[in-house]
Amino acid sequence: MVEGRVVPEVDRFAASQRALARRRGRASLKRDLTTRVTAPQEIVRRAVADSDSDAATMRITDFLMALPAIGAGKRDRILEELHISPVKRLGGLGVRQLAALSEWLDGRFPPHRARAGRSRLLVLAGPTAVGKGTVAAHIRENHPDIHLSVSATTRAPRPGEVDGVHYYFVDDAEFDRMIAAGELLEHATVHNRHRYGTPRGPVDAALAEGRTVLLEIDLQGARQVRTADPSATLVFLLPPSWDELVHRLIGRGTEDAEEQARRLRTARTELAAQNEFDYLVVNADVATAAREVVELSTGLVR
Ligand code: 5GP
């Protein structure tokens, strides 16, 4: 500030609002790191790409402490090893410090890589409320070439749901019969309530025709498919940020506090499973996420 100059009230207010927005932005990024919604390498990339970004203004100490399983002791050892001063911000790192940090991050959080030889059996899973149903519906409407599996379920149809289109609505006895007859590729009880399963026949038939098959199922189902067919391609849908997932999960505010807390805990556990998957797709925008899922299926071998 220039000596003697009086900063107008409005300017001071605007500056404090900007500072507040920055702090909020950084706090939000830290939550993304802790919950694994965003890879640490991506935060560093943003810091380097834009020196005015929230990522660039994040202290290296805060960055490291937000990473899963890093406490104060480990943080200090890492900074020493990488020759980075604890007062540095991500945007202020030198070229060599950046290279050292990136190498360390790649060692500790290996970048996501699909295994070779994936098949056209595509499984779309992800945390609760990430929007897999919406992405799958978008694919069903815009890509009739892709066979979207119709699951069997013991839950009752919702208004507008059509038997044989959205689900096969069956009773418990019929579901038991399907399991006993080996008709289900996988099945699970979801949210401790109803049972859902993927009929095997239509999946096999579509694959035999050389079509891509998409299963929109829960995490337990995705694991079962991997066991039943190790060549299946597992796609994990990520929210654009943890805050956005929270918004989608509890935004409607129709559940009580206990139920909301339970859902958030579940989402955290589900996010921790992303490393079991071959591909990560961010669902910031339904059409883009759907296109990415479709595009990656065209590169698959069998
Ligand atoms: P909803 O009842 O809201 O349609 O679906 C609830 C959950 O069941 C969603 O997370 C969906 O992914 C999952 N789901 C739907 N069909 C299947 C299925 O065939 N198998 C498994 N394991 N989960 C399913």
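Q: What's the distance from an oxygen atom of the ligand to an N or O atom in the side chain of Lys132?
A: That one is 2.9 Å. A polar contact here is a pair of N or O atoms within 3.5 Å. Keep in mind that this is a predicted model, where local features need pLDDT of at least 70, side-chain atom pairs count only at pLDDT 80 or more, and totals for chains, interfaces and linings use all residues. Residues are numbered from 1 along each chain as its sequence is written, and side-chain values use heavy atoms, with hydrogens and water left out.

Q: And how far is a polar side-chain atom of Tyr196 from an oxygen atom of the ligand?
A: 2.4 Å. For Tyr167, a side-chain N or O atom is 2.5 Å from a ligand oxygen.

Q: How much of the ligand does the protein bury?
A: The protein buries 86% of the 520 Å² that the ligand exposes when taken alone (Shrake-Rupley areas, 1.4 Å probe).

Q: How many residues surround the ligand?
A: 15, with Ser151, Arg155, Tyr167, Tyr196 and Glu216 the closest; the cut-off is a heavy atom within 4 Å.

Q: Which strands each supply at least two residues of that shell?
A: Strand 5 (184–190) and strand 6 (194–199). Strands are DSSP runs of E, at least two residues, numbered from the N terminus.

Q: Switching topic: is Asn283 buried or exposed?
A: Asn283 counts as buried because its relative accessibility is 3%, and buried means under 20% (1.4 Å probe, protein chains only).

Q: How far apart are the C-alpha atoms of Asn283 and Gly131?
A: 7.4 Å, though the two residues are 152 residues apart along the chain.

Note on methods. Polar contact = N/O pair within 3.5 Å; in protein donor to acceptor, adjacent residues only side chain to side chain. Helix = DSSP H or I, 4+ residues; strand = E, 2+ residues; numbered from the N terminus. Buried < 20%, exposed > 50% of the residue type's maximum accessible area, 1.4 Å probe, protein only.
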